[in-house]
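Reader: Could you walk me through how the helices pack, where the pockets lie and how the charges pair in this one?

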Amino acid sequence: MEQLIYQYGKTETDALSAADPVLGAAIERIGPIERAVMPDLFEALINAIAGQQISSKALATVWARLCDAVGSVTPNNLLAIGEERLRACGLSGRKVQYMRSVAQAVASGALDIHSLVDKTDEEVIRTLTALPGVGQWTAEMLLIFSLQRPNVLAYDDLGIRRGMCRLYGMDTLKKAQFDVYYARYTPYATVAGLYLWAVAAEP
């Protein structure tokens, strides 16, 4: 099966480079970035919960084990296996509870996850953060890596903050400073975020 990636191009990178030449230099240096996306909203939400407060490398390991355990990541499949098997994938007991709660909400119809497609970014965040264990960061990861929304930048993401500090030569990043950069990147903040993550990961 072909891996789907976040779609962007010259329109976004040219606009970002014009708005912020420092970021533009990083875009020129790094070149095109391919980040995988998950079109299936339930699978993407479970993946985002699994990725809370762990590295991308650790998430890849946990996710591979989870997929092996449940097969297709669907609400019914997730609910069908016991909590012990989920924890054996490397998930904390709390994350297992969050995942099962989300699965129950979707399976019961309490959460119409497909309706998220038609909601604004703010509505998606409001809907998802009403669920146990789903905070702003988790909702923003769904907006980026499943819904492919163009203007999402997660302040609560350590990699984003680290990338900003490194790019602009700052020791710390206050929310007010973040907001200035977010406004500068708008309406293509998601693509800016892809490059900030890349900057943060540079040796």
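Author: Helices (H or I, at least four residues) are DSSP runs numbered from the N terminus. This is a predicted model, where local features need pLDDT of at least 70, side-chain atom pairs count only at pLDDT 80 or more, and totals for chains, interfaces and linings use all residues. Residues are numbered from 1 along each chain as its sequence is written, and side-chain values use heavy atoms, with hydrogens and water left out.

Reader: Are H1 and H12 roughly parallel or roughly perpendicular to each other?

Author: The axes of helix H1 (residues 10-19) and helix H12 (residues 189-201) come within 9 Å and cross at roughly 75 degrees. Angles under 35 degrees count as roughly parallel, over 145 as roughly antiparallel, 65 to 115 as roughly perpendicular and the rest as oblique. H1 and H12 are therefore roughly perpendicular.

Reader: Which residues make that contact?

Author: Contact means heavy atoms within 4.5 Å. H12 contributes Val-191, Ala-192 and Tyr-195, while the residues from H1 are Glu-12, Thr-13 and Leu-16.

Reader: Which residues lie nearest the centre of the largest pocket?

Author: A pocket is an open set of points on a 1 Å grid over the protein atoms alone, where a 1.4 Å probe fits, with protein on both sides within 12 Å along at least five of seven lines; lining residues have an atom within 4 Å of a point. The largest pocket holds about 1,300 Å³ of space, and helices H3 (41-50) and H4 (56-70) are among the elements giving two or more residues to its lining. Of the 40 lining residues, those nearest the centre are Arg-35, Asn-47, Ser-56, Leu-59 and Phe-145.

Reader: And which helix gives the largest share of the lining of the second largest pocket?

Author: That pocket has about 230 Å³ of space and a lining of 14 residues. The largest share, four residues, comes from H11.

Reader: How far apart are the closest N and O atoms of Asp-14 and Lys-10?

Author: Side chains of opposite charge can pair when their charged atoms come close. A salt bridge is a side-chain nitrogen of Lys or Arg within 4 Å of a carboxyl oxygen of Asp or Glu, and the structure holds seven. Asp-14 and Lys-10 both lie in helix H1, four residues apart, about one turn of the helix. In their salt bridge, the separation of the closest N and O atoms is 2.6 Å.

Conventions:
Axes fitted to C-alpha atoms, helices over the stretch in contact; angles between N-to-C directions. Points joined across faces, edges and corners; volume = space filled by probe spheres on them.
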